[in-house]
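Please open the model in your viewer, with the sequence panel beside it, and follow the stops below in order. Each stop names a selection and then describes what is found there.

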Amino acid sequence: MRAKRIFASLVSSLLLLNPVNNMTAFAEVALPDGAVKGLPERLTAMDSDGNVVSSDTGEYFFHVENMQYGTTYTKDVQLMNLRDDKAYHIYFYVEPLFKNGEIDLEKGCECTFWLDGQEFYKGTVTGEGNFDLTKEVYDCGLYNPGDSHTLKCSVIWNDLDVLVGVDNGHRLIDINGEHVLVGSQDSGYVEGEIEFKWIFYAAVDEDYSPPDTGLLGVNNTFWIICIAVLAVLTGGMLLLVLLKKKEKKKE
């Protein structure tokens, strides 16, 4: 019993995923008129590990297992418009789902977002910070054809005061120092889990007009003149051919 209490281990997980059980209900974020969850065809969001945002639901999955105290976990999500005919605004918000365990990861973790290196959010992983990402959507910018921007997120568990039901009589020593971490009921470990997800969606920019490039960008008047000139030239050539045939017959 004593050996078990002295050797305390630490287990935690941070999940951005669909809930299975014990889901907490949250109010649906109101999207602008005409906007739906998900990304249109060829509007792409992919992280540094090759994971893509679901084009159908707009959900993004960020999964960390065995999360360690004091370690920073980061993800870079590349947002791209691969279309050549339309421009879009890309938005996202956070949907908290579930938490459990002796480590309150919602309060114990700090989350930071940057867009192209510019910090715009700092707060909890569940979206409550300098503004509330559970109630307000964030505009990740306008994406003309070929445009790309980087959304970066970092998460760090940096608060040990969020341990629930932990016996403070024993120690865990790791590279970050000495911590008192022993679970309740002589379990010998503490753990926690939290589930939430990011939801992306896009809205077309109605003011965008594809640039006039090449022949396809020339206005209708030009085409009408070209067709008229071509018709005159064709008619003239046919007339010359008929006249030559008549002259040959006379000979």
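Select strand 8 (residues 109-115) to begin: 5 of its 7 residues are buried, so this strand is largely enclosed by the rest of the structure. Buried here means under 20% relative accessible area, exposed means over 50%, and partly exposed lies in between, with a 1.4 Å probe and protein chains only; helices (H or I, at least four residues) and strands (E, at least two) are DSSP runs numbered from the N terminus. The model is a predicted one, in which local features need pLDDT of at least 70 and side-chain atom pairs count only at pLDDT 80 or more, whereas totals for chains, interfaces and linings use all residues. Residues are numbered from 1 along each chain as its sequence is written, and side-chain values use heavy atoms, with hydrogens and water left out.

Strand 8 is joined to strand 11 (residues 148-157) by 7 bridges, and the two run antiparallel; strands count as paired if DSSP finds at least two bridges between them. Within this pairing, Phe 113 has Cys 153 as its bridge partner, and Leu 115 stands opposite Leu 151. Strand 9 (residues 118-123) is also antiparallel to strand 8, through 5 bridges, and there Cys 111 has Gly 123 as its bridge partner. In the hairpin of strands 8 and 9, which has 2 residues between the strands, look for Asp 116, which takes a positive phi near 50°.

Return to Phe 113 and show its surroundings. Leaving aside neighbours within four places in sequence, Phe 113 is in contact (heavy atoms within 4.5 Å) with residues including Phe 92, Tyr 121, Leu 133, Leu 151 and Trp 198. Which residues touch the most other members of the largest nonpolar core? In this core of 41 residues they are Phe 92, Phe 113, Trp 198 and Phe 200, a nonpolar core being a set of buried Ala, Val, Leu, Ile, Met, Phe, Trp, Tyr and Cys residues joined through side-chain atoms within 4.5 Å. Strand 14 (189-204) is among the strands that each supply at least two residues, and its 5 residues are the largest share. A second, separate core of 5 residues includes Tyr 91, Tyr 93, Tyr 201 and Ala 203.

Stay on strand 14 and select Lys 197, which is buried, with a relative accessible area of 9%. Its side chain makes a polar contact of 2.8 Å with the side chain of Glu 59; such a contact is a pair of N or O atoms within 3.5 Å, where within protein one must be able to donate a hydrogen and the other to accept it, and residues adjacent in sequence count only if both atoms are side-chain atoms.

Finally, select Asp 104, in the loop between strand 7 and helix 2. Asp 104 is buried at a relative accessible area of 14%, and a polar contact of 3.3 Å joins its side chain to that of Lys 99.
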